[in-house]
Amino acid sequence: DSFDTSEFISLEKRRSGPNFPYKVADHCMIHLDDDTVLLTGGTFTNYTWSRSTWYLSINNNSWTPGPSMIEPRNFHACSSFVLNNTVYPIVAGSNNGSKTVEFLDLSLESPEWIPGPELHSFHTNIFHVGHKLVTNGETLFYISTTDNLFFQLECETIEECQWIQLNRQLQNVLRGAAIVALVPDTLTDCS
């Protein structure tokens with residue numbers, strides 16, 4: 001189902017947010033700063049995919065159009081990371097099996113999406129499968145839970161990034177539509 005409503009939820013309360021300009025589903029949202037969340041892509045009610053992005057101002061309770069992505073995306077992974085003191089939103093993959101990656105260069109006077117390094121060796125049909133971008137604030141990781149692969153993004157500059165496969169294995173169980181989060185090592189000892 002597609003919706004045009006939004007809401008803010010904290011540990012203490014819930015409140016309605018501003019209605020979105022149109023109904024959308026299968027999108028991804030990126031927290032940029034204390035006031036701004038970026039909505040990327042999604043599926044419209046007529047089942048077409050969106051290249052659109054929208055900024056949500058939490059304080060002003062309003063949506064503002066952002067720059068269009070290079071390609072339409074839905075069921076995609078999204079996150080952000082910091083490189084040379086600049087925050088870069090990132091989107092990756094899509095329902096159509098795309099291996100492409102895009103970075104939003106917010107350092108430009110008119111921010112725009114630029115191509116990033118393609119994703120390596122992951123399942124060809126990523127419809128509802130596990131692929132996630134997670135970060136600890138400084139380092140960005142791509143995790144494919146359907147292929148049990150773990151990559152780290154390494155960049156000299158935003159134009160010179162590459163995915164490095166890490167020699168880490170998830171449990172030998174392939175998962176679709178998985179939820180992935182980084183936790184401190186101190187929380188991983190369950191003995």
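**Figure 1. A hairpin joins β9 to β10 through six residues.** The model is predicted: local features require pLDDT of at least 70 and side-chain atom pairs pLDDT 80 or more, while totals for chains, interfaces and linings use all residues. Residues are numbered from 1 along each chain as its sequence is written, and side-chain values use heavy atoms, with hydrogens and water left out. Strands (E, at least two residues) are DSSP runs numbered from the N terminus. β9 comprises residues 101–105, and β10 comprises residues 112–115. The two strands run antiparallel and are joined by four bridges; strands are said to pair if DSSP finds at least two bridges between them. Aspartate 105 stands opposite glutamate 112 in β10.

**Figure 2. Strand β9 is mostly covered.** Five of its five residues are buried, buried meaning under 20% relative accessible area, exposed over 50% and partly exposed in between (1.4 Å probe, protein chains only). Val101, Phe103 and Asp105 point one way from β9, whereas Glu102 and Leu104 point the other way. β9 also pairs with β8 in the antiparallel sense, over three bridges. Valine 101 in β9 is the bridge partner of alanine 92.

Figure 3. Most residues other than glycine have a negative phi. With 27% relative accessibility, aspartate 26 counts as partly exposed.

Figure 4. A pocket is an open set of points on a 1 Å grid over the protein atoms alone, where a 1.4 Å probe fits, with protein on both sides within 12 Å along at least five of seven lines; lining residues have an atom within 4 Å of a point. The space in this second largest pocket is about 350 Å³, a volume being the space filled by probe spheres set on the points, which are joined across faces, edges and corners. β1 (7–9), β3 (28–31) and β4 (36–40) are the elements that give two or more residues to the lining. By class, the lining has 11 nonpolar, four polar and two charged residues; Ala, Val, Leu, Ile, Met, Phe, Trp, Tyr, Cys and Pro count as nonpolar, Asp, Glu, Lys and Arg as charged, and the others, Gly among them, as polar.
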